[in-house]
Amino acid sequence: MMRNPPNIEGTPLPSEWRPLDSYFDSIQEAFAYSPHDVVADELEDARQKAAEADASGKGLWGVHWGAEYLQVAATGARGGFKWVIGNDDFLILVKTRASEWGVAVRYLSAGLWEHGYPALRERVDAILESHFERRLERAVSLSRIDVAVDFYLPGFAESTTPRLAEAALLPSRCKVKTESADGRLQTLTFGAKQSVEIQLYDKTREIHEASGKEWFYAIWQRAGLPADVRRDVWRVEVRFSGDWLKDRDIRTFEDYMATGGQLVAEALLSRRLCVPSSTDSNRGRWALHPLWTAAWEIAAHRWREYVPIGRHTTGRRDYLIKQLMKQGAGLIRAAHVLANPETEDLLDDYLIQRIAWDAMALAADDEKNPQKIEQLKERYRYVEEAR
């Protein structure tokens, strides 16, 4: 049952801060489908070929399913999923035919921001109808949905400490976690992934250190981020999971949409960040922090205006080429020193070229060279696609 959010006073954003954009960061659905026998055989054959192609367990093998080109991974996933297939827009996790709810689909961040959920769901439905067998009349259930609101917050990182968590008002069993460096806050997390989790974090730091999703800068610039800025974007992300959704009778994406933003409002107001008051010791009366106020207003109301951005590329190919060339340079240098310990000229053109040509000759003589080349092509197939 949906809970009505309390009436809480909000606090406006300071003039130097601005909201950028908001949309779904991730959506996951479970489907009561199982693969046809011939499809299960095809998936297992592709999985074995992927495993044989890369002993590290990171191999991929391509399959054509109708209009979709998908990659089958060498390994499965937690939760009993034997096969993982996907592309740059979504992942399809598949159990054996013995499982009634045998398919889970995870719509990836870039696919959602590029094309929107309806377009991705249409493509997934086409795959399910052609390659899988429906097991139940009600064949889809919403497992998780993450809503993101991004802000440009110049000066926030320098002025905010982990003590910001002390201004939180949470349910009795709800925990708050902080991550910090040099006394500055980097991440603030309320709640648990099993129900509802709200996280405030430095999105630009996460891009630089982990995800590499630099395509977000084009989105943020469209919303007003200065073109030369590569910092100070923070995200408020609300992540709803199965139990929280089921307790409120949210079974499908359409159910979520029908709430009109009430679910986001309930989450943000029941796990809220406040502005401390020096004259009122009852924090239940404290006003909402400006970021919670703005996230509530945007994610609960204005996010419906979002327009998918279309295809974006990352520029990652050039980055990877440079990284591999640096690694190659180090290996050639080491081989050069081993082969010519008396030489001081590490840039001797003839010697370097000879070592490089010898290395390529070894690769060409490798009887598995054609398969390794195909596997590398498969690995880098989506390297330029935003993910």
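Guide: One definition comes first: a residue is buried at under 20% relative accessible area, exposed at over 50%, and partly exposed in between, with a 1.4 Å probe and protein chains only. This is a predicted model, in which local features need pLDDT of at least 70 and side-chain atom pairs count only at pLDDT 80 or more, while totals for chains, interfaces and linings use all residues. Residues are numbered from 1 along each chain as its sequence is written, and side-chain values use heavy atoms, without hydrogens and water.

Visitor: What makes strand β9 mostly covered?

Guide: Eleven of the 13 residues of β9 (residues 140-152) are buried. Strands here are DSSP runs of E with at least two residues, helices are runs of H or I with at least four, and both are numbered from the N terminus.

Visitor: How do you know that β9 pairs with strand β1 and with strand β14?

Guide: Two strands pair if DSSP finds at least two bridges between them. β1 (residues 18-31) and β9 have twelve, in the antiparallel sense; one link joins Q28 to R144 in β9. Between β9 and β14 (residues 233-241) there are nine, also antiparallel, and I145 stands opposite F240 in β14.

Visitor: Why is E197 called buried?

Guide: E197 has a relative accessible area of 4%, and the cut-off is under 20%, so the word applies. E197 lies in strand β13 (residues 196-202).

Visitor: What makes the link between the side chains of E197 and R239 a polar contact?

Guide: The distance is 2.7 Å. A polar contact is a pair of N or O atoms within 3.5 Å; within protein, one must be able to donate a hydrogen and the other to accept it, and residues adjacent in sequence count only if both atoms are side-chain atoms.

Visitor: Which residues of α3 are buried, and why are they said to be on the same side?

Guide: They are Y117, L120, R121, V124, I127, L128 and H131. They cover an arc of only 120 degrees, taken from the directions from the helix axis to the C-beta atoms, which puts them on the same side of α3. The face turned away carries the exposed residues P118, E122 and E129.
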